[in-house]
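I opened this notebook to keep track of what I looked up. The entries follow in the order I made them.

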Amino acid sequence: MEVRSGVPSSGISRLPRRRGGVCRVLLSLVSVVSVAGCMGEASSACTLADMDSGVSVVWRPADFQGSGGATLRVCVDGSCEERASGDPSVPMGLASVRLPHDVGAKKVAVELTVTPVKGDSVVMDTAQAQLTEERPNGPNCEPVAWVASFRADPVRGLVSTEGFSAQGD
């Protein structure tokens with residue numbers, strides 16, 4: 001509330017000034033969006049999500065409960081990530097190997113090694129992953145990430161993520 005000479009002014013005299021302020025704010029927001037170059041199609045703006053290129057392997061920790069858990073090692077182009085299968089009450093585990101941002105749409109070799117805590121039946125598997133383009137902020141927005149994903153199965157190794165559910169098949 002504006003105060004002049006110690007007497008508060010009425011809300012009515014402030015109304016035109018308030019509308020002008022709202023217009024300035026809206027005009028400023030439109031200018032920022034336009035200058036940022038994030039206007040893809042006429043009605044959509046880019047979001048600000050970030051994403052890295054890479055290959056991900058997911059699994060259900062409960063699938064590895066019979067072997068007392070396991071260590072999963074995923075390697076792509078000489079870079080590796082290793083994770084414990086995790087607590088069976090947790091719905092999903094994940095290992096992700098980052099790739100160069102500009103890797104492009106190519107095939108990469110993926111290696112999976114599953115080493116059970118109990119027993120000696122180590123599972124080793126390899127597959128070719130076709131990297132596909134992902135644009136998390138929309139079709140005309142940056143960044144561009146190149147990704148692929150698999151599911152780790154305690155017996156079969158690398159399998160498709162199609163139909164994967166953290167709650168079970």
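Is Cys80 buried, partly exposed or exposed? I looked it up, and Cys80 is partly exposed, with a relative accessible area of 30%. My cut-offs are these: buried means under 20% relative accessible area, exposed means over 50%, and partly exposed lies in between, with a 1.4 Å probe and protein chains only.

**Ground rules**

I noted that this is a predicted model, where local features need pLDDT of at least 70, side-chain atom pairs count only at pLDDT 80 or more, and totals for chains, interfaces and linings use all residues. Residues are numbered from 1 along each chain as its sequence is written, and side-chain values use heavy atoms, with hydrogens and water left out.

**Entry: disulfides**

I stayed with Cys80. Its partner is Cys75, and the two form a disulfide with sulfur atoms 2.0 Å apart. A disulfide here is a pair of cysteine sulfur atoms within 2.5 Å. Cys75 is buried, at 12% relative accessible area. I read 110 degrees about the S-S bond, so the link of Cys75 and Cys80 is right-handed.

How many disulfides does the structure hold? I found two. Cys46 and Cys141 form a disulfide too, and their sulfur atoms are 1.7 Å apart. The angle about this S-S bond is -80 degrees, and the link of Cys46 and Cys141 is left-handed. Cys46 sits in the loop between α1 (11-36) and β3, and Cys141 in the loop between β9 and β10, so the pair ties together parts that are 95 residues apart in sequence. Helices (H or I, at least four residues) and strands (E, at least two) are DSSP runs, numbered from the N terminus. Both Cys46 and Cys141 are buried. I counted bonded cysteines along the chain and wrote down the pattern 1-4, 2-3.

**Entry: salt bridges**

Next I turned to charged side chains. Side chains of opposite charge can pair when their charged atoms come close. I call a pair a salt bridge when a side-chain nitrogen of Lys or Arg is within 4 Å of a carboxyl oxygen of Asp or Glu. The structure holds seven salt bridges. I looked up some of them.

Arg60 forms a salt bridge with Asp63, with the closest N and O atoms 3.6 Å apart. Arg60 is buried, at 7% relative accessible area. Asp63 is partly exposed, at 27%. Asp63 also meets Arg151 in a salt bridge, at 2.9 Å from N to O. Which parts does this pair tie together? Arg151 lies in strand β10 (residues 145-153) and Asp63 in the loop between β3 (54-59) and β4 (70-76), so the pair joins parts that are 88 residues apart in sequence. Arg151 is buried, with a relative accessible area of 7%.

I then checked Arg156 and Asp153. Their side chains meet in a salt bridge, 3.6 Å from N to O. Arg156 counts as exposed, at 54% relative accessibility. Asp153 is buried, at 10%. Shared partners join Arg60, Asp63 and Arg151 into one network of salt bridges.

**Entry: the open sheet**

What is the strand order in the open sheet of four strands? I wrote down β5-β4-β7-β8, with antiparallel pairing. Two strands pair if DSSP finds at least two bridges between them. The edge strands are β5 and β8 (123-130), and each pairs on one side only. Neighbouring strands of this sheet are turned by 20 degrees against each other on average, direction ignored. For such angles, axes are lines fitted to C-alpha atoms, for helices over the stretch in contact, and angles run from 0 to 180 degrees between N-to-C directions.

I looked at one pairing. β4 and strand β7 (residues 107-116) pair in the antiparallel sense over seven bridges. Arg73 stands opposite Thr113 in β7.

**Entry: backbone**

Most residues other than glycine have a negative phi, and most peptide bonds are trans.

Asp77 has a positive phi of about 50 degrees although it is not a glycine. I found Asp77 in the loop between β4 and β5 (79-84). Asp77 is exposed, with a relative accessible area of 51%.

The peptide bond from Glu142 to Pro143 is cis, with omega near 0 degrees. Where is Pro143 found? I placed Pro143 in the loop between β9 (132-134) and β10.
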